[in-house]
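Q: Could you take a close look at the aromatic rings in this model and walk me through how they pair up?

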Amino acid sequence: MKHMSTICALALALAMVLAPAAYAAEGSGAAQACYPTSISQNEDGTEIRKFYDLSPSEDSGGILRSDFEQDGFHYTLADLLKQELPEHESRQHTEKVALESKNKDMASVLALLPQEKEFITPDGLSGTLSLQLDTVQVEPSGYGSTAKQISAVRSYPGPRWSWG
């Protein structure tokens, strides 16, 4: 009986020690460890900033918040700032198109223009452009004006008459 109570006491003590650890592991098990995508340090080494890129579905609980030592300095987490970025960026994009038409009427010009056009800019913006009819302008080409000064000297042969 004495042997049985010792085993029960050991089991109870073990359960008391392991229960908080198991509870903590369960709570932190939901968040996977996060690693910084970039780290910056000020010139004198007294401040380190770590940047993490997390998707909306990722939990920030995986970011380590414990103190650490590096290069003889002791670092403590001061702030954890969250900045939400848009999932996609959009901005206005227009393109000018100049083309030649056999006719000058608007209907024949509009027939040459596509209603929609796919585009990709050098910086990676992509999308579909839609033709806006109120921006279409028809201008004649091949016409121009020049100005030059002309002087003419005329002489007429024949007798001279003088009145006097």
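This is a predicted model: local features need pLDDT of at least 70, side-chain atom pairs count only at pLDDT 80 or more; totals for chains, interfaces and linings use all residues.

A: Let's start with Gln 132, as a quick aside: Gln 132 is partly exposed, at 47% relative accessible area (buried means under 20%, exposed over 50% and partly exposed in between, using a 1.4 Å probe and protein chains only). Residues are numbered from 1 along each chain as its sequence is written, and side-chain values use heavy atoms, with hydrogens and water left out.

Now the rings. Rings of Phe, Tyr and Trp (its six-membered ring) pair if their centres lie within 6.5 Å; planes under 30 degrees apart are stacked, over 60 edge-to-face, and the rest tilted. That rule gives two aromatic pairs. Phe 68 and Tyr 75 are stacked, because their ring centres are 5.2 Å apart and their planes sit at 20°. Tyr 75 also pairs with Phe 73: here the centres are 6.2 Å apart and the planes at 50°, so this pair is tilted. Together, the ring pairs link Phe 68, Phe 73 and Tyr 75 into a cluster.

How covered are they? Tyr 75 is buried, at 8% relative accessible area, whereas Phe 68 is partly exposed at 27% and Phe 73 is partly exposed at 34%.
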